[in-house]
Amino acid sequence: MVLIREQIRYKSRKEIEKLREAGRLAANALRLAARAAKPGVSLLELDKVAEDYIRKQGARPSFKGYHGFPATLCTSVNDKVVHGIPSKYVLQEGDIIAIDCGAKLDGYHGDTCLTVGVGRISDEARMLIQTAQLAMFLGIEHCRPGVRLGDMATAVQSFAEERGYSVVREYIGHGIGRDLHEDPQVVFAEQRPGTGFRMEPGMTITIEPILNTGSHKCLVEPDGWTVRTRDGGLSAQFEHDIAITKDGPEILSLPDKEFELEDGL
């Protein structure tokens with residue numbers, strides 16, 4: 001591993017494979033929690049499902065204890081944007097929940113998120129979730145050598161806003177490797193085309209735009225972690241870990257086939 005320019009840690013193929021293994025475990029745990037996200041189930045129960053799986057694989061939760069965060073998952077329901085602490089809250093029919101999961105295996109981290117509906121959800125919620133997922137994949141498509149951050153961010157923001165959604169500014173993507181959060185910072189809004197760092201082979205980053213139905217503005221709740229929309233609108237997020245290669249992006253946080261959700265997530 002060589003540390004150069006902006007402290008970006010470029011990864012070897014061997015390191016990328018280690019990141020893929022960590023990402024796979026995080027993705028499997030995430031989907032186990034998503035399957036369990038049904039009416040009548042508490043957020044603490046989801047957290048236990050994910051932690052039990054991660055530890056049984058000989059890994060450990062990346063988030064638990066990170067700067068004092070108390071849980072394995074971030075569980076952000078409805079108007080919660082990010083960093084929701086699992087609690088005794090019982091999921092209700094019609095809720096949506098963004099579940100973010102990290103796992104550390106053999107010294108490397110995986111970090112991945114998806115948003116699912118609980119039971120039957122509104123058309124508004126369904127469209128938000130679908131658009132957030134598409135925004136993530138649009139960002140991933142731009143993770144190619146020579147493309148600048150500003151080009152990717154502009155594409156994501158334009159896509160979201162053309163469909164009536166806002167993109168959260170304060171909470172962004174990042175490099176990933178031996179540390180959960182590495183350089184570079186990966187933003188998804190308010191950038192100019194042709195500016196920002198240039199994508200290069202060996203970079204490993206997270207693509208995780210957050211979309212809101214209303215304003216992009218957020219508030220941090222008194223627990224110091226949970227972030228919610230300022231106007232009470234719904235929020236949704238998807239996240240994959242990506243390696244940039246000479247041939248384009250490789251997704252490092254894919255689950256094993258038996259863990260995939262029915263709708264292909």
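A residue is called buried when its relative accessible area is under 20%, exposed when it is over 50%, and partly exposed in between (1.4 Å probe, protein chains only). The structure is a predicted model, in which local features need pLDDT of at least 70 and side-chain atom pairs count only at pLDDT 80 or more, while totals for chains, interfaces and linings use all residues. Residues are numbered from 1 along each chain as its sequence is written, and side-chain values use heavy atoms, with hydrogens and water left out.

E239 has a relative accessibility of 0% and therefore counts as buried. The residue sits in the loop between β15 (235–237) and β16 (240–245); strands are DSSP runs (E, at least two residues), helices are likewise DSSP runs (H or I, at least four), and both are numbered from the N terminus. Contact is taken as heavy atoms within 4.5 Å. Beyond its neighbours within four places in sequence, E239 is in contact with residues including D100, D111, H174 and S253. Between E239 and G173, 66 residues apart in sequence, the C-alpha to C-alpha distance is 8.6 Å.

The UniProt annotation "binding site", from an unreviewed entry, covers D100, D111 and E239. These residues span 140 residues in sequence, but no two of their C-alpha atoms are more than 8.1 Å apart, so they gather at one spot. Of these residues, D100 is included in the lining of the largest cavity. A cavity is a set of points, on a 1 Å grid over the protein atoms alone, where a 1.4 Å probe fits but cannot get out; lining residues have an atom within 4 Å of a point. UniProt positions follow the numbering used here, feature names are shortened, and annotations may be inferred rather than shown by experiment.

D100 belongs to strand β6 (residues 96–105) and is buried at 11% relative accessibility. D111 belongs to strand β7 (residues 108–117) and is buried, with a relative accessible area of 3%. Leaving aside residues up to four places away in sequence, D111 touches D100, H174 and E239, among others. The side chains of D111 and H174 are joined by a polar contact of 3.2 Å, that is, a pair of N or O atoms within 3.5 Å; within protein, one must be able to donate a hydrogen and the other to accept it, and residues adjacent in sequence count only if both atoms are side-chain atoms.

H174 is also one of the residues touched by E182, which lies in strand β10 (residues 182–186). E182 is buried at 7% relative accessibility, and its side chain makes a polar contact of 3.2 Å with the side chain of R9.

Conventions: 1 Å grid on protein atoms, 1.4 Å probe; cavity = no way out; pocket = protein on both sides within 12 Å on 5 of 7 lines; lining within 4 Å.
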